[in-house]
Amino acid sequence: MRASVQRSAIAAVQVLALAVWFSMSAVVPSLRTSWGIGSTAAVWLTASVQLGFVVGAVASTVLGLADRYAPQRLLAVAAATAAACTVLLALFVHGLPAAVPLRFATGVCLAGVYPVGMKLMASWATSARRGTAMGILIAALTLGSTLPHLITGLGSLPWRGVLLAAAAAGLLGSALALTVVRAGPHVKATSPTGNPRYALIMFTQRGPRLANLGYFGHMWELYALWTWLPTFLLATDAAHSLPGSVEITVFVTMGLGGVAGCLLGGWFADRFGRPAAARAALLASGLCCLLSPFLFHASAAVVVAFCVVWGAAVIADSGVFSTSLSEAADPRYVGTALTAQTAIGFGLTVVTIQLVPAIAGAVGWHYAFLLLAPGPLIGALAMNALARPRPSQALA
């Protein structure tokens, strides 16, 4: 019973703490009026968070923070600091020059929330149940990331109120991490010295290398889709016929659809194997990238149904990669391995977040998401290789 309570608490912390991640992206339409910003400036409100996350993850890896200190305390401090950055932005910032550094700092702090949460979740799950547990964690990340869209779509809060609501959620998550969450028995909680070199060593090992390559292909697509789907939907013929609003559509398709995908992906991974689950999700989301141009003249019902499938597929494999790496990596340095994996993966997201609007400016939003298709394809090839036994295993 204690394990299930802990897994639920860790997931709740992720939902609450990660609400600040896309809080600015959710209010970009208001900022276009309040601050007079264009698409290029809007990119940096998301890209700066991603860059900050990469810097924070690299620093955490080099210092071995995720393996040297009690993870629940590190999680609590990181969530509270990310929320504090969001409060400062909501109360005192009046333009992009001050907003970008604060968003960067928010990303640095979030590097202590998501990877540490993965380690904590893995610590409360046996290998046989770890895929499902990681699916729950990524479902929480998905729900938390899309929560600001729900806040924006349901209410009439000004953009500063949306940020304060997201920050309040983050502070509540910090308190929950500090008072309830504890490390479990299945992953070593701390290592006195850590080993930052393991971030490089793991790429010499077949299992971690292929798990990472699959994850990088997945990340090539994921955050660019989450960032630019609202703009993409506004450009379609169905934009004014969507149920509720574009924000509600994004929350339902990427948020709730993503939660369903994560849970299904985790269950599938435990039942049929990690590579098979990841490969199926990657091929499905890659196909959605290729079919995305056909959405522009489709009905609202078709657009919503398609985006639900896409929202489920694009995130269903995320927990599978974390599970695979947590099982293949040296158990003493699981925190370092997961943090390094996310650092590189989020570095890739900066590239695609920048490229998608550039492609849209050149050829239109019809074809912008075709850029994302190679990522899932490469990831699927890596998972296909991981599924094949080594020669020595085949001869055994």
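On a 1 Å grid over the protein atoms alone, a cavity is a set of points where a 1.4 Å probe fits but cannot get out, whereas a pocket is an open set with protein on both sides within 12 Å along at least five of seven lines, and in either case the lining residues are those with an atom within 4 Å of a point. Grid points are joined across faces, edges and corners, and a volume is the space filled by probe spheres set on the points. By this rule there are two cavities of 30 Å³ or more.

Before I go on, please keep in mind that this is a predicted model, in which local features need pLDDT of at least 70 and side-chain atom pairs count only at pLDDT 80 or more, while totals for chains, interfaces and linings use all residues. Residues are numbered from 1 along each chain as its sequence is written, and side-chain values use heavy atoms, with hydrogens and water left out.

Let me start with the cavities. The largest cavity holds about 40 Å³ of space, and its lining is made of Phe22, Ser145, Thr146, His149, Trp226, Val250 and Met254. Helices here are DSSP runs (H or I, at least four residues), numbered from the N terminus, and strands would be E runs of at least two. Helix 9 (130-154) and helix 13 (246-272) each supply at least two residues of this lining, and the largest share, three residues, comes from helix 9. If we count Ala, Val, Leu, Ile, Met, Phe, Trp, Tyr, Cys and Pro as nonpolar, Asp, Glu, Lys and Arg as charged, and the others, Gly among them, as polar, then the lining of the largest cavity has four nonpolar, three polar and no charged residues.

The second largest cavity has a volume of about 40 Å³, and the residues around it include Tyr114, Leu141, Tyr215, Phe346 and Ser318. Which helix gives the most to the lining of this second largest cavity? That is helix 12, with four residues, and by class the lining has eight nonpolar, one polar and no charged residues.

Now for the largest pocket, which has a volume of about 260 Å³. Of the 17 residues that line the pocket, Ser25, Val28, Pro29, Pro230 and Thr231 lie nearest its centre. Helix 2 (23-26), helix 3 (28-34), helix 4 and helix 12 (206-234) each supply at least two lining residues, with helix 12 giving the most, namely six. The lining of the largest pocket divides into ten nonpolar, five polar and two charged residues.

I turn next to how the helices pack. Two packed helices are described by the angle between their axes and the distance between the axes. The axes are lines fitted to C-alpha atoms, for helices over the stretch in contact, and the angles run from 0 to 180 degrees between N-to-C directions. Angles under 35 degrees count as roughly parallel, over 145 as roughly antiparallel, 65 to 115 as roughly perpendicular and the rest as oblique.

Helix 4 (residues 39-63) and helix 17 (residues 334-363) pack at about 160 degrees with their axes 8 Å apart, and they are therefore roughly antiparallel to each other. Contact, meaning heavy atoms within 4.5 Å, involves residues including Trp44 and Phe53 of helix 4 and Phe346 and Pro357 of helix 17. The residues of this contact divide into 14 nonpolar, ten polar and no charged.

For helix 13 and helix 14 (residues 274-291), the axes come within 6 Å and cross at roughly 140 degrees, so these two helices are oblique to each other. Here Gly265, Phe268, Ala269, Asp270 and Phe272 in helix 13 meet Arg274, Ala276 and Ala277 in helix 14, a set with five nonpolar, one polar and two charged residues.

Finally, the axes of helix 14 and helix 18 (residues 374-387) come within 8 Å and cross at roughly 160 degrees, and helix 14 and helix 18 are therefore roughly antiparallel. Among the residues in contact are Leu282 and Leu283 of helix 14 and Met383 and Leu386 of helix 18, and this contact has nine nonpolar, four polar and one charged.
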